[in-house]
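Me: I'm new to this one. Can you walk me through it, a bit at a time?

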Amino acid sequence: MNHRNATMAVIGAGDFIGGAIAKKFASEGFTVFAGRRGGDKLAPLVAEIEAAGGRVTGRSLDARKEEEIAAFLQDADAAAPLEVCIFNVGANVNFPLLETTERVFRKVWEMACYSGFLTGREAARAMLARGKGSIFFTGATASLRGGSGFAAFASAKFGLRAVAQAMARELGPQNIHVAHLIIDSSVDTEWVRQLITTREGADALKNLDPNRLMRPAAVGEAYWSLYQQSRDAWTFEHEIRPFGEKW
């Protein structure tokens with residue numbers, strides 16, 4: 001299928017998962033709109049995609065701001081019809097209950113749930129006008145289980161899952177594929193590697209089981225697989241984990 005006349009947007013285009021998603025869809029011919037806090041950090045991703053012959057626009061974006069999300073997706077849709085929108089904002093924090101301030105709880109909800117609602121609504125606004133599209137959300141183990149120290153993060157991810165479910169039931173009959181991808185694994189990022197070192201010691205990375213972490217590129221492939229599904233067999237919820245993961 002030729003995607004030269006279609007746009008995909010990724011909200012939360014970080015250095016790892018979000019970047020891998022952007023690179024995968026760009027390699028398949030989509031014009032990519034990539035947004036994240038601190039848009040200057042998108043320069044290496046933009047350079048890599050363009051060097052490979054892809055088309056990409058990188059922009060600073062606060063996904064909690066309604067007007068910014070609306071403008072970002074409107075611009076993406078104006079460049080070429082918006083066909084895919086992926087919400088990938090993280091907000092993974094761990095605080096003991098008594099150290100979880102009101103500000104932390106509210107901010108995590110704004111980042112991981114409220115901004116997902118704004119993204120999905122504005123993407124649907126563009127897609128319904130043409131009667132097709134795909135809206136995907138990145139979830140986590142915390143979408144299904146509230147672990148110790150994750151009261152703020154899990155509540156936001158539970159909420160995002162509910163938003164996605166409601167959207168899927170409403171928009172599916174209108175030919176909009178809404179899916180929620182649960183990543184039940186730590187992803188191989190610099191932040192995760194630093195966390196492992198902090199928790200398990202300086203030598204932990206030397207002895208790290210290669211099956212323990214998920215490659216960001218594998219997440220990009222999982223989203224591409226969701227996008228390619230036939231509409232008579234759409235997945236709503238897709239769980240992925242390394243084959244060696246205990247669950």
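Reply: One term to begin with: buried means under 20% relative accessible area, exposed means over 50%, and partly exposed is in between (1.4 Å probe, protein chains only). By that rule, Phe-30 and Tyr-227 are both buried. This is a predicted model, where local features need pLDDT of at least 70, side-chain atom pairs count only at pLDDT 80 or more, and totals for chains, interfaces and linings use all residues. Residues are numbered from 1 along each chain as its sequence is written, and side-chain values use heavy atoms, with hydrogens and water left out.

Me: How many aromatic pairs does a search of the whole structure find?
Reply: The search finds 12. Rings of Phe, Tyr and Trp (its six-membered ring) pair if their centres lie within 6.5 Å; planes under 30 degrees apart count as stacked, over 60 as edge-to-face and the rest as tilted. One of the pairs is Phe-30 with Tyr-227, edge-to-face, at 5.5 Å centre to centre and 80° between the planes.

Me: Which parts does that pair tie together?
Reply: Phe-30 is in the loop between helix H1 (17–27) and strand E2 (31–36), and Tyr-227 is in helix H7 (residues 216–227), so the pair links parts 197 residues apart in sequence. Helices (H or I, at least four residues) and strands (E, at least two) are DSSP runs, numbered from the N terminus. Phe-30 and Tyr-227 also belong to one aromatic cluster with Phe-25 and Trp-224.

Me: How do the axes of H1 and H7 cross?
Reply: They come within 8 Å and cross at roughly 50°. Axes are lines fitted to C-alpha atoms, for helices over the stretch in contact, and angles run from 0 to 180 degrees between N-to-C directions. H1 and H7 are therefore oblique to each other. The cut-offs: under 35 degrees is roughly parallel, over 145 roughly antiparallel, 65 to 115 roughly perpendicular, and the rest oblique.

Me: Is H1 enclosed or exposed, and how many of its residues are buried?
Reply: Nine of the 11 residues of H1 are buried, so H1 is largely enclosed by the rest of the structure. Among the buried ones are Ile-17, Lys-24 and Phe-25. Just after H1, Gly-29 takes a positive phi of about 105°.

Me: And which residues are buried in H7?
Reply: They include Pro-216, Val-219, Trp-224 and Tyr-227.

Me: New topic. What about H4 and H5?
Reply: The axes of helix H4 (residues 102–128) and helix H5 (residues 151–171) come within 7 Å and cross at roughly 15°. H4 and H5 are therefore roughly parallel to each other.

Me: Back to rings. What kind of pair do Trp-109 and Tyr-114 form?
Reply: A stacked one, 5.6 Å centre to centre with 25° between the planes. Trp-109 counts as partly exposed, at 38% relative accessibility. Tyr-114 is also partly exposed, at 26%.
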